Amino acid sequence: MKRSANARQSGAAPRGKRQTPKPAAPASETAPRSGARAQQTRFSSRLRAWGRHHRAMALDSLFRLVRYPLGNLLTMLAIAIALVLPAALWLTLDSAKLLDAELDESASLTVYLDMGIDAAQAARIEEAVSADGGVAQTRMISPEQGMADFQQSLGIDDTLAGLDDNPLPASIVISPQDVEPAAMAELAERLEGVTGIDEVRVDLAWVERLRHLAALGRRVALALGVLFGFGVLLVVGNTIRLAVESRRREIEVVMLIGATHAFVRRPFLYSGAWYGAGGGLLALGLLALGNHWLSLPVAALAASYGASFTLPQLDVTGSTILLSCSILLGWLGAWLAVTRHLSSIRPR
């Protein structure tokens with residue numbers, strides 16, 4: 001009796017009866033439901049910390065540059081000079097390209113008709129010439145108009161008035177559809193077979209020389225750009241190398257407590273980017289100053305030849321490209337210098 005009473009008091013099941021165990025709760029109910037949310041929170045906090053560190057390193061590197069303004073300004077000025085020379089040459093080639101476009105618009109053929117052709121025959125020949133597919137526009141010049149233009153160009157209005165006969169034939173000035181030398185030569189060959197045409201004159205040798213000079217200038221500008229780009233890398237790399245050596249003890253301590261190479265490299269990369277940005281801005285200022293300084297003499301020289309010409313300037317797109325290339329070169333020079341010297345630093 002005492003044993004059974006004790007069994008009832010202790011909650012034990014009597015003999016002969018098995019107590020059915022309660023089913024265990026499923027794993028989805030017992031597991032915490034905040035796992036994905038916690039993982040997302042950890043990622044977002046890590047991302048915010050990464051952004052804060054980048055912002056802090058950018059401001060710290062900028063403050064270090066401002067702390068020593070003279071030396072850093074000289075470094076930026078060296079970068080600016082290395083960028084100004086190829087940029088100025090490229091602008092000069094752009095002005096030559098504009099001149100080349102004007103020459104293309106003024107490219108023409110002159111067709112001289114046979115002597116003794118009257119106005120009606122000249123009109124029919126002009127219609128036949130205009131029917132050619134390679135001709136864009138024609139303009140008839142009568143012998144009288146040709147003589148008047150010749151006298152006006154030489155400044156002898158009354159000297160040739162005593163001639164018995166006009167020695168100049170009628171001519172047709174043709175604007176071709178295609179200004180390429182090969183196409184114009186083919187058009188001249190076709191027009192020489194037209195009855196009543198004595199000669200077709202095409203003179204594009206000087207245009208071809210100008211185009212060859214422009215192509216050569218573009219290659220020279222590209223070569224100078226690459227060469228001075230390497231110069232920017234060397235200037236920034238040497239400056240960053242000195243900065244790494246001056247902070248060598250600090251880098252060793254930071255690496256002892258587990259800092260990665262990316263963590264150590266980050267402030268120096270921002271320093272290189274700041275050097276590139278400063279050099280790019282100084283280059284834009286030097287280009288604007290040079291354009292303002294040379295614009296008046298160039299305009300006066302062009303006016304003396306009866307033409308109007310203005311020096312080209314960098315637009316918003318060109319300025320953005322120059323500034324972006326400068327920042328990229330500064331960042332790349334810093335990355336190369338830091339990566340090379342971090343491999344030699346061993347914390348002790």
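How many nonpolar, polar and charged residues does the lining of the second largest pocket have? In this predicted model, that lining has 15 nonpolar residues, three polar residues and one charged residue.

**Second largest pocket**
- The second largest pocket holds about 520 Å³ of space.
- Its lining is made up of 19 residues, and the closest to the pocket centre are Pro86, Ala87, Ile321, Leu322 and Cys325.
- Three helices each supply at least two residues of this lining: α4 (69-106), α8 (205-246) and α11 (316-342).

**Helix α9**
- Helix α9 spans residues 248-256, and its buried residues are Ile251, Glu252 and Met255.
- These buried residues line one face of the helix, because they fall within an arc of 100° when α9 is seen down its axis.
- Arg249 and Val253 are exposed on the other side of α9.

- Leaving aside residues up to four places away in sequence, Ser171 touches Thr110, Val111, Tyr112, Arg139, Met140 and Ile141.

Notes:
Residues numbered from 1 in each chain as written. Predicted model: local features only at pLDDT ≥ 70, side-chain atom pairs only at ≥ 80, totals over all residues. Heavy atoms only, no water. Contact = heavy atoms within 4.5 Å. Buried < 20%, exposed > 50% of the residue type's maximum accessible area, 1.4 Å probe, protein only. Helix = DSSP H or I, 4+ residues; strand = E, 2+ residues; numbered from the N terminus. Arc of directions from axis to C-beta. 1 Å grid on protein atoms, 1.4 Å probe; cavity = no way out; pocket = protein on both sides within 12 Å on 5 of 7 lines; lining within 4 Å. Points joined across faces, edges and corners; volume = space filled by probe spheres on them. Nonpolar A, V, L, I, M, F, W, Y, C, P; charged D, E, K, R; others polar.
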